[in-house]
Amino acid sequence: MNIDSRYLKDFFTSMIGAPWSWTILSFAASFFISWLVFAVIWYLVVLLHGDLSPTRPDDHVYCVDNIKDFTSCFLFSLETQHTIGYGVRATTEECPVAVLVMSLQSIVGVVIQACMAGIVFAKFTKPTMRAETILFSKNALISLRNGSYYLVCRIGDLRPTHLLESHVSGQMVKKEITEEGEVIPYHLESMDFGTEIDGTQDFFQMFWPIIVSHKIDEESPLFEMSARDISSKKQFEIILTM
């Protein structure tokens, strides 16, 4: 299946994650296309009814008053969909088809506006920039606590309205080679971080800057590494998420 078609299957989420320029352009295009499609429909309605004929009788009743050409149909389509109502062009009781088209266009306009309002509101409420006020210490260090080594770092929140029930977790990314010779260039290995002295309790309240720690024991991926391995030989990265 094409990757683009997978994004289209989850249209709402794709629009929320899309850049603002694409979102605005998509809705502008959807409005313009709907105006144009209904303008063609209105043009066909008045054309088949004879409203544009130069030889229409004096007692001819129009489907839509003051429709003269396709431009008039486009303007009437726009006015109908957005209930502008300038009072110049209006549907009459002569054509039931015209009444049906007007009803359908009103429904389509409401659906497009509802989708636009929902997506725009969701994009505004999406906390994409909340991480900008979450700070991690520039350097992490290995410290001795109660006879055990711990990898520690500090996390702080700049906002006065702090996050509640925060959760911290860690992953080590490194190259791994199996016994069969398979090379895994980006192997993820879990690392437990916590706010307690012994590195437990990964849920915490961030009322002030918190020190999180990882206990370097037999289950830690850092257990078999020396200071020289950490500083020079070993190529790895520790990713801490909150």
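Is C73 buried or exposed, and what is its relative accessible area? C73 is buried, with a relative accessible area of 0%; buried means under 20%, exposed over 50%, and partly exposed in between, with a 1.4 Å probe and protein chains only.

Before I continue, a word on the source. This is a predicted model, in which local features need pLDDT of at least 70 and side-chain atom pairs count only at pLDDT 80 or more, while totals for chains, interfaces and linings use all residues. Residues are numbered from 1 along each chain as its sequence is written, and side-chain values use heavy atoms, with hydrogens and water left out.

I turn to the cysteines. A disulfide is a covalent bond between the sulfur atoms of two cysteines; here, the criterion is a pair of cysteine sulfur atoms within 2.5 Å. The search of the whole structure finds 1 disulfide, and it joins C63 to C95, with an S to S distance of 1.6 Å. The torsion about the S-S bond of C63 and C95 is about -65°, so this disulfide is left-handed. C63 lies in the loop between α3 and α4, and C95 in the loop between α4 and α5 (96-125), so the pair ties together parts that are 32 residues apart in sequence. Helices are DSSP runs of H or I with at least four residues, numbered from the N terminus. Both C63 and C95 are buried. C73, by contrast, is in no disulfide; the nearest cysteine sulfur, that of C63, is 11 Å away. C153 also counts as buried, at 13% relative accessibility.

Next, the aromatic residues. Rings of Phe, Tyr and Trp (its six-membered ring) pair if their centres lie within 6.5 Å; planes under 30 degrees apart count as stacked, over 60 as edge-to-face, and the rest as tilted. The whole structure holds 7 aromatic pairs. One of them, W35 with F74, is edge-to-face, at 6.4 Å centre to centre and 85° between the planes. This pair links distant parts of the chain, since W35 is in helix α3 and F74 in helix α4 (residues 70-81), 39 residues apart. Both W35 and F74 are buried. W42 and F76 form another edge-to-face pair, at 4.9 Å centre to centre and 80° between the planes. W42 lies in helix α3 and F76 in helix α4, so this pair ties together parts that are 34 residues apart in sequence. W42 and F76 are buried. Ring pairs also link F31, F32, W35 and F74 into a cluster.

Technical notes: Helices (H or I, at least four residues) and strands (E, at least two) are DSSP runs, numbered from the N terminus.
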